[in-house]
Amino acid sequence: MKYTEDAYSECPFYIKESDCSIVCEGLYNGTKNHTVFCEDKAEFKDRFCKNKYRSCRLYRALALKHYD
């Protein structure tokens, strides 16, 4: 299910989210990274999926993948 919040995520590796998880591109071709939250998902998303996504460890690892 696509959420309307999807439009606010600026990270190029962001795929989708649910109530308690965020799905991003995976480290290996054809995979996805599924991060599950017990709490603080909104805080994580505000910090890493929006305008400051370059400070996210997953973003940096995925960016390196695209240069290999």
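Me: Which side chain makes a polar contact of 2.3 Å with the side chain of Glu17?

Reply: A polar contact is a pair of N or O atoms within 3.5 Å, where within protein one must be able to donate a hydrogen and the other to accept it, and residues adjacent in sequence count only if both atoms are side-chain atoms. Here the partner of Glu17 is Lys45, and the side chain of Glu17 also makes a polar contact with that of Tyr14, at 2.5 Å. The model is predicted, so local features need pLDDT of at least 70 and side-chain atom pairs pLDDT 80 or more, while totals for chains, interfaces and linings use all residues. Residues are numbered from 1 along each chain as its sequence is written, and side-chain values use heavy atoms, leaving out hydrogens and water.

Me: Is Glu17 buried or exposed?

Reply: Glu17 is buried, at 3% relative accessible area, where buried means under 20% with a 1.4 Å probe and protein chains only. Glu17 lies in strand 1, residues 14-18, a strand being a DSSP run of E with at least two residues and a helix one of H or I with at least four, numbered from the N terminus.

Me: Which residues touch the most other members of the largest nonpolar core?

Reply: Such a core joins buried Ala, Val, Leu, Ile, Met, Phe, Trp, Tyr and Cys through side-chain atoms within 4.5 Å. Of its 13 residues, Cys11, Phe13, Tyr14, Ile22 and Tyr59 touch the most other members. Strand 2 (21-25), helix 1 (41-49) and helix 2 (57-65) each supply at least two core residues, with helix 2 giving the most, three.

Terms used:
Buried means under 20% relative accessible area, exposed over 50%, partly exposed in between (1.4 Å probe, protein chains only).
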